[in-house]
Amino acid sequence: MLAKLYPLIQKQSGYRLDVMREKVENFARDILTFTLEEKEFYSAFYEGEYYPELLFEEHETIEIAKQNAIANYKMKIKKRNR
């Protein structure tokens, strides 16, 4: 992909791949740092269990999340494929 984008960047623009890569990696590291609860949620979700209470604190939000059609469908498919 970079090969396709590189010709669009003028050489005198000061573009430095190493600097940009470092900035992106630092940004990604910051937003991809998960709490223990988030890790537990993703691990359980991968195994076919859905526990929105690991992500949300408010009872109303948890109840709404429990009714999420897509999440429930994915759990049904995961359990069927075990």
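Predicted model: local features only at pLDDT ≥ 70, side-chain atom pairs only at ≥ 80, totals over all residues.
Me: Why is Y42 called partly exposed?

Reply: Y42 has a relative accessibility of 43%.

Me: What makes F34 and Y42 an edge-to-face pair?

Reply: The ring centres of F34 and Y42 are 5.3 Å apart, and their planes stand at 70°. Centres must lie within 6.5 Å for a pair, and planes over 60 degrees apart count as edge-to-face. The pair is therefore edge-to-face.

Me: Is F34 buried or partly exposed, and how do you know that?

Reply: F34 has a relative accessible area of 36%. Buried would require a value under 20%, so F34 is partly exposed.

Me: How many aromatic pairs are there, and which residues do ring pairs link into a cluster?

Reply: The count comes to five aromatic pairs. The cluster consists of F34, F41, Y42, F45 and Y50.

Me: Which residues form the largest nonpolar core?

Reply: This core has six residues, namely F41, F45, Y50, A65, A71 and M75. Helices α3 (36-46) and α5 (69-80) each supply at least two residues of the core. Setting aside neighbours within four places in sequence, F41 is in contact with Y50, Y51, P52, L54 and L55.

Me: How many salt bridges does the structure hold?

Reply: There are two salt bridges in the structure.

Me: Why is the meeting of R16 and D18 called a salt bridge?

Reply: The side chains of R16 and D18 meet at 2.7 Å, N to O. The definition asks for a side-chain nitrogen of Lys or Arg within 4 Å of a carboxyl oxygen of Asp or Glu, so this pair qualifies. R16 is partly exposed at 46% relative accessible area, and D18 is partly exposed at 44%.

Me: What makes K66 and E63 a salt bridge?

Reply: The N to O distance between the side chains of K66 and E63 is 3.8 Å. The cut-off is 4 Å, and therefore the pair counts as a salt bridge.

Me: Where do K66 and E63 lie, and are they buried or partly exposed?

Reply: K66 and E63 are three residues apart in helix α4 (residues 59-66), so about one helical turn separates them. K66 is partly exposed at 35% relative accessibility, and E63 is partly exposed with a relative accessible area of 31%.

How values were computed:
Residues numbered from 1 in each chain as written. Heavy atoms only, no water. Core = buried A, V, L, I, M, F, W, Y, C linked by side-chain atoms within 4.5 Å. Buried < 20%, exposed > 50% of the residue type's maximum accessible area, 1.4 Å probe, protein only. Helix = DSSP H or I, 4+ residues; strand = E, 2+ residues; numbered from the N terminus. Contact = heavy atoms within 4.5 Å. Phe/Tyr/Trp six-rings, centres within 6.5 Å; stacked < 30°, edge-to-face > 60°.
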